[in-house]
Amino acid sequence: MAPTGIVLEHVRKEYPDGTVAVADLDLTVNSGEVMALVGPSGCGKSTTLRMVNRLIEPTSGVIRVAGEDVMAQDPVTLRRGIGYVIQNVGLFPHRTVEQNVGTVPGLLGWDKAETSARVAELLELVGLPVDTYGLRYPHELSGGERQRVGVARALAVRPPVLLMDEPFGAVDPQGRRRLQKEFAALQRELGTTVMMVTHDIREAVLLADRVAVFSRGGRLEQLDVPEQVTEHPANDFVADFVADFAS
Ligand code: ADP
């Protein structure tokens, strides 16, 4: 099977104002693995995620997705092949649920029948049957339903890699747990490689195969399976972070 992982080597991002968001990061997300990036706000998690699909350009270092250097690829083509889910989703407000999920397949030139079949399949998977929800507009959905549409849209073209930034943040706590569980089942079924940013350590423990704890400047304080991070924090920084959110 082709490699679908994400590899960052000596990645640095210095913003034009001199802020070093990520100083020198080495990180590998293996094929089919879910990795959660956690840590206090401002420590470079989102910057790291967004360098993978080139929404932000690294200052130096190399990032490979499925073995290919992202800087050698056209950013638009690259992004169409990488699912991206963010808080509040960013659905197109004037397009129906069906059209939202079918957008990228359409851009990639899938034929109509293939796109409709895929859209129906995905909406079913995320619990929003197309017969009921397909023709609704985003404003006719609850926050949790919108988030599901966002996940369905991101998975429409079967991307080998999915990036998620606080994907369930906008959903109420009860709905969030349900969505998280459903997402975990979906990911296992599809084998997608996932890099996700969350401030919620419980979300990280529930969903991730490994957790990367960041401190300022994109420094890795600990990278391990969730139980190790929560039960055996590598240092006081990790212990404090885990204690803050696990209580
Ligand atoms: P996190 O996702 O962990 O909250 P970010 O990656 O968003 O962290 O930000 C890391 C650091 O980079 C912060 O100090 C933030 O203020 C800074 N930063 C983020 N975006 C920009 C930008 N466009 N210009 C300058 N500094 C930025």
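In this predicted model, strands E1 (residues 6-14) and E4 (residues 60-65) run antiparallel to each other and are joined by five bridges. One spot to look at in this pairing is glutamate 9, which sits opposite valine 62 of E4. E1 also pairs with strand E2 (residues 20-29), again in the antiparallel sense, this time over six bridges. Here leucine 8 has leucine 27 of E2 as its bridge partner. The hairpin made by E1 and E2 has five residues between its strands, and glycine 18 adopts a positive phi near 95 degrees there.

Put together, these pairings belong to an open sheet of four strands, ordered E2-E1-E4-E5, with antiparallel pairing. E2 and strand E5 (68-69) are the edge strands, each pairing on one side only. Helix H1 packs on this sheet, where E1, E2 and E4 are the strands it touches. The direction of H1 makes about 120 degrees with that of E1.

There is another sheet to consider. Six strands make up this open sheet, in the order E6-E7-E8-E3-E9-E10, and the pairing is mixed. As a general point, strands of a sheet pair through backbone hydrogen bonds, and they do so either parallel or antiparallel. Strand E6 (82-86) and strand E10 (219-224) stand at the edges with a single partner strand each, so one side of each has no neighbour in the sheet. On average, and with direction ignored, neighbouring strands here are turned by 15 degrees against each other.

At the E10 end of the sheet, strand E9 (residues 210-215) and E10 run antiparallel and are joined by five bridges. Serine 215 stands opposite arginine 219 in E10. H1 turns up here too: the helix lies across strand E3 (34-38), E6, strand E7 (161-165), strand E8 (193-197) and E9. With E8, H1 makes an angle of about 145 degrees.

A polar side-chain atom of threonine 47 is 2.5 Å from an oxygen atom of the ligand, while a polar backbone atom of glycine 42 lies 2.7 Å from a ligand oxygen. Arginine 216 also takes part, with a polar side-chain atom 3.3 Å from an oxygen atom of the ligand. Taken alone, the ligand exposes 560 Å², of which the protein buries 64%.

Notes
Residues are numbered from 1 along each chain as its sequence is written. This is a predicted model: local features need pLDDT of at least 70, side-chain atom pairs count only at pLDDT 80 or more; totals for chains, interfaces and linings use all residues. Side-chain values use heavy atoms; hydrogens and water are left out. A polar contact is a pair of N or O atoms within 3.5 Å; within protein, one must be able to donate a hydrogen and the other to accept it, and residues adjacent in sequence count only if both atoms are side-chain atoms. Accessible areas come from the Shrake-Rupley method with a 1.4 Å probe; for residues, only the protein chains shown count as cover. Two strands pair if DSSP finds at least two bridges between them. Helices (H or I, at least four residues) and strands (E, at least two) are DSSP runs, numbered from the N terminus. Axes are lines fitted to C-alpha atoms, for helices over the stretch in contact, and angles run from 0 to 180 degrees between N-to-C directions. Contact means heavy atoms within 4.5 Å.
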